[in-house]
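Colleague: I am new to this model and would like a close look at one part of it. Please take me through that part slowly.

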Amino acid sequence: QELLAKGTPTQGVESFGPWLTISRQMGSLGTELAARLAQPLGWRVYDREIITAIARETESPEMVIESRDGHATGKMDRYLSFFTSSQDPGQARYLHEMRQVVTHLAQEGRAIILGRGANWLLHEGRGIKLRLVCPLEDRIDRVAKRREISLLEARDLVCENDEAQRRFIRHVYGRDIEDPLGYDLILNMGELGLERAALLLVAALG
């Protein structure tokens, strides 16, 4: 059962903006694009900072929060969490704090928010919800070079990450991560490239 399903009070929160959410496939240059946008726009990028904020609010180690970040958790995992770590706040607390952090960043505005299904949380019309895709082979090659691993290892890593993202969005929001209606703009980074994508978005957001 989805935890933040459409139609619940957690959907459509007021978010003053402006903001940009970036949902990205692994290896689709999402982190690099966010960095390219930050300076000309004068905005801040939030990714790892979200984990840090959740860890601070829950008084949990960052590595514990990171293990929950962007991954669906089943009933058995939630049950075992009570025994595996006394510092694990549990999935429900993690999701509550994640929503609070993302909403606060959006309300402050001038924020580029990476991942966490933020596009499903924030109010329509207050910012731009972006999805980045890229051909699988391009992503595998990029990840292999960046991490200095074999193409076979990179393929496994990319495919596992894609599946983890799908599970998380389905489990938490009850949505399909590939549903185009969840985004204002979908960019094929394999065709567009980093420079052209950055120019397009600076023009749209500036």
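Which residue forms a salt bridge with Asp47, and how far apart are the closest N and O atoms?

Modeller: The partner is Arg116, and the closest N and O atoms are 2.6 Å apart. Keep in mind that this is a predicted model.

Start with where the two residues sit. Asp47 lies in the loop between S2 and helix H2 (48-58). Arg116 lies in the loop between strand S3 (111-114) and helix H6 (118-121). The pair therefore ties together parts that are 69 residues apart in sequence. Arg116 has a relative accessible area of 10%. The cut-off for buried is under 20%, so Arg116 counts as buried.

S2 and S3 are parallel partners, paired over three bridges. Within that pairing, Val45 has Ile112 in S3 as its bridge partner. On S3, Ala111 and Ile113 point one way, while Ile112 and Leu114 point the other way. All four of these side chains are buried.

Step back to the whole sheet. Five strands form an open sheet, in the order S2-S3-S1-S4-S5, with parallel pairing. Its edge strands are S2 (44-46) and S5 (185-188), and each of them pairs on one side only. On average, neighbouring strands are turned by 20° against each other, direction ignored. At the S5 end, strand S4 (residues 127-133) pairs with S5 over four bridges, again in the parallel sense. Arg131 stands opposite Ile186 in S5.

Back to the charged pairs. Side chains of opposite charge can pair when their charged atoms come close. A search of the whole structure finds 10 salt bridges.

Take Arg139 and Asp162. Their closest N and O atoms are 2.8 Å apart, and they form a salt bridge.

Then take Lys145 and Asp141. Their side chains meet in a salt bridge at 3.2 Å, N to O. Lys145 counts as exposed, at 59% relative accessibility. Asp141 is partly exposed, with a relative accessible area of 32%.

Last, the setting. The protein chain has 10 helices and five strands. Of its 206 residues, 48% are buried. Consider the contacts between residues at least 6 apart in sequence: 75% of them join residues at least 24 apart. The accessible surface comes to about 10,700 Å², and 52% of that belongs to carbon and sulfur atoms.

Terms used. Residues are numbered from 1 along each chain as its sequence is written. This is a predicted model: local features need pLDDT of at least 70, side-chain atom pairs count only at pLDDT 80 or more; totals for chains, interfaces and linings use all residues. Side-chain values use heavy atoms; hydrogens and water are left out. Helices (H or I, at least four residues) and strands (E, at least two) are DSSP runs, numbered from the N terminus. Buried means under 20% relative accessible area, exposed over 50%, partly exposed in between (1.4 Å probe, protein chains only). Contact means heavy atoms within 4.5 Å. Accessible areas come from the Shrake-Rupley method with a 1.4 Å probe; for residues, only the protein chains shown count as cover. Two strands pair if DSSP finds at least two bridges between them. Axes are lines fitted to C-alpha atoms, for helices over the stretch in contact, and angles run from 0 to 180 degrees between N-to-C directions. A salt bridge is a side-chain nitrogen of Lys or Arg within 4 Å of a carboxyl oxygen of Asp or Glu.
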